[in-house]
Amino acid sequence: MDDKILLEELLCYEKNLCDIYMHGTIESSNENMFNQFLENLNETLNNQHEVYKIMEEAGYYKIEQAKCEDIKKAQQKFQAN
């Protein structure tokens, strides 16, 4: 299997786990469950970040600098509401 595809699948998996643990944390009915979900969420967020960094270093994610004009347009769009 291609490394890029494998890493994309792993990143998707980690993001889904983050979503599950976040909702578990929010919906926890007692302190022990809350703490366990929060611990799992933090660990999974760290794992997701590590996978992202590996992908970025491998050139699978290209980060482009936002243009000032685009930033101003976005600000105006949200300020108008």
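This note sets out numbered points on the helices, cysteines, charged pairs and surface of the structure.

1. The structure is a predicted model. The remarks below should be read on that basis.

2. Helix α2. Helix α2 covers residues 31-57. The buried residues in α2 are Asn40, Leu41, Thr44, Gln48, Val51 and Met55. Helix α1 is included in what covers these buried residues of α2.

3. Contrast with helix α3. Helix α3 runs over residues 68-79, twelve in number. From the first C-alpha to the last, α3 reaches 16 Å, close to the 16 Å expected at 1.5 Å a residue. As to burial, the count of buried residues in α3 is zero, and the helix therefore lies largely in the open. By contrast, α2 has buried residues, among them Leu41 and Val51.

4. Cysteines. How many disulfides does the structure hold? The number is zero. For Cys18, the geometry explains why: the closest cysteine sulfur, that of Cys12, is 11 Å from its own sulfur, which is too far for a bond. A disulfide is defined here by sulfur atoms within 2.5 Å. Is Cys18 buried or exposed? Cys18 counts as buried, because its relative accessibility is 11%, under the 20% limit for that class. Cys68, in contrast, counts as exposed, with a relative accessibility of 58%.

5. Salt bridge within α2. The whole structure contains two salt bridges. One of them joins the side chains of Glu50 and Lys53, with an N to O distance of 3.2 Å. Both residues belong to helix α2 and are three residues apart, about one turn of the helix. Glu50 counts as partly exposed at 40% relative accessibility, and Lys53 is also partly exposed, with a relative accessible area of 30%.

6. Lys73 counts as partly exposed, its relative accessibility being 49%.

7. Glu43 is placed in helix α2 and counts as partly exposed at 47% relative accessibility. Although Glu43 and Cys18 are 25 residues apart along the chain, their C-alpha atoms are separated by 9.1 Å. A second pair involves Lys4, which is found in helix α1 and is partly exposed at 33% relative accessibility.

8. Nonpolar surface. Which residues make the nonpolar surface patch of about 350 Å²? The patch is made by Met1, Ile5 and Leu6. Met1 belongs to the segment before α1, a helix that covers residues 3-27. Met1 counts as exposed because its relative accessibility is 76%, and the limit for that class is over 50%.

Terms used:
Residues numbered from 1 in each chain as written. Predicted model: local features only at pLDDT ≥ 70, side-chain atom pairs only at ≥ 80, totals over all residues. Heavy atoms only, no water. Patch = residues over 30% accessible without salt bridge, like charges linked within 9 Å, V, L, I, M, F, W, Y side chains within 5 Å. Areas by Shrake-Rupley, 256 points an atom, 1.4 Å probe, with all protein chains shown as cover. Salt bridge = Lys/Arg side-chain N within 4 Å of Asp/Glu carboxyl O. Helix = DSSP H or I, 4+ residues; strand = E, 2+ residues; numbered from the N terminus. Buried < 20%, exposed > 50% of the residue type's maximum accessible area, 1.4 Å probe, protein only. Expected span 1.5 Å × (residues − 1). Contact = heavy atoms within 4.5 Å.
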